[in-house]
Amino acid sequence: MPLYQCQPPTGYQDTADAWVNTGVLVGRMNFALRLAGNQIPGVTVATEQSIVETALNGDVADTTRSTIAKATSRQQMTALALGAPDFQRR
Amino acid sequence: MHSRRVFLKNGAFALVSLGFAPSFLARTAFAAGKAARTKQLIAIFQRGAVDGLSVIVPFGEPDYYRARPSIAIARPNGGDGSAIDLDGFFGLNPRLPPLKPFWDAGQLAVVHACGSPDSTRSHFDAQDYMETATPGVKSTPDGWLSRYLGARHAEAATPFRAVALTQQLPRMLQGRASALAVNQIAQFGIRAGRSSDRVGASFEAEYAAAADRVLNGAGRNAFDAIKMLKIADPAKYQPVRGAMYPRSPFGQALKQIAQLTKSNVGLEVAFAEIGGWDTHVNQGAAQGQLAARLDDFGRAISALVVDLGIAWPTPSS
């Protein structure tokens, strides 16, 4: 769905299921990986240890926190935070 | 708006070009659903409104030639660029010979001169009406293919029950029934180089624990789909029986539909689209923009039918 260009006059849906589907979710996780890997042209992401605190404001599920903690690089850590379910919906 | 539908009869395989008759389609598919094996519906959308009179040419109608002095397709047997006779009155566009064998075998049906009854001149609205199947009503939230999926009982729905070979989920498939948009099935998955498997497993763990019902469900679906594709490996299914898909995006989309079908991932509804039909003054006749689109269209569909090796019943009449 393009931002600001909703075609139906009824406007954007305000239900959660209209904003997520299988393909989109995979796309978001891959976007998080590319973003954290500085593969998005013109964008540089400062990957840091405190990503959970800065991006997610510390408000994350235990599983997300422990999964991120197991990441083997800062880039992966950042990607696992930005692609996490906790970051998809605030 | 000129529009027209082409169906390959039998219900195992129905082709839809620009047109409006979902109830007819649903009946066909429902009737077919009684058979033992899972029936599959492949919907093809020709975006931009194809000119039906140049595709299925009414060469037996003198007014056709009077009304179209420059872009009419010549009567059959008039040399290069003349129509391919079907029934003595209608003929195929000369760029569609790949479809002729299906007509001869009684496997191809044409529903001519039917379309949306709404006379809007907005292409966007007209297209939306085709996809929602509610001409004149803009507020319909879902597409007809999605409603069809909702109405049809799924024995064991997989994440590949409904797949659009497109970048974005078409309006036709938007709605309550889950559907997947994948442009390149070979590239569907978590892409993190050599760490792909490990990172994928990490994401999977996060989503499996997600408290949000929608994210949890979509996440489970996503990882199920990725695993199924990895096991089924659709790319290993190369075209058989000499099927030659055009290298065009449309040809490649249909090839992937065949690969998904052969890899038994539970595909029930597939969607592909082909654009460039809004030809305006560049339409041409036996040559031109329309002819080039039809060439791609006919060859791709023919390749799909041959590749799938659909067992056609003998026509009863």
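Two residues are in contact if their C-beta atoms, placed from the backbone, lie within 7 Å. With that rule in hand, let's look around this predicted model, in which local features need pLDDT of at least 70, side-chain atom pairs count only at pLDDT 80 or more, and totals for chains, interfaces and linings use all residues. Residues are numbered from 1 along each chain as its sequence is written, while chains are lettered from A and ligands numbered from 1 in the order in which they are written.

**View 1. Helix H1 of chain A meets helix H8 of chain B**. Thr22(A), Leu25(A) and Val26(A) in H1(A) are in contact with Ala218(B), Gly219(B), Asn221(B), Ala222(B) and Ala225(B) in H8(B). By class, this contact has 5 nonpolar, 3 polar and no charged residues (Ala, Val, Leu, Ile, Met, Phe, Trp, Tyr, Cys and Pro count as nonpolar, Asp, Glu, Lys and Arg as charged, and the others, Gly among them, as polar). Helices here are DSSP runs of H or I with at least four residues, strands are E runs with at least two, and both are numbered from the N terminus.

**View 2. The packing angle of H1(A) and H8(B)**. Two packed helices are described by the angle between their axes and the distance between the axes. For H1 (residues 22–36) of chain A and H8 (residues 213–232) of chain B, the angle is about 80 degrees and the axes are 8 Å apart. That makes the two helices roughly perpendicular, a word used for angles of 65 to 115 degrees. Axes are lines fitted to C-alpha atoms, for helices over the stretch in contact, and angles run from 0 to 180 degrees between N-to-C directions.

**View 3. The side of chain B that touches chain A**. The contact takes 32 residues from chain B and 26 residues from chain A. On the chain B side, H5 (123–132), strand E8 (180–181), H7 (196–208) and H8 each supply at least two residues. Which helix gives the largest share? H8(B) does, with 7 residues.

**View 4. Chain A by itself**. Chain A has 5 helices and 0 strands. Its C-alpha trace spans about 45 × 30 × 20 Å along its principal axes.

**View 5. Leu294(B) in helix H10 of chain B**. Is Leu294(B) buried or exposed? Leu294(B) is buried because 22 other C-beta atoms lie within 10 Å (buried means 20 or more, exposed 12 or fewer, and partly exposed in between). Leaving aside neighbours within four places in sequence, Leu294(B) is in contact with Val55(B), Asn93(B), Arg95(B) and Leu96(B). Leu96(B) is 198 residues away along the chain, yet the two C-alpha atoms are separated by 6.5 Å.

Definitions and conventions: Parallel < 35°, antiparallel > 145°, perpendicular 65-115°, else oblique.
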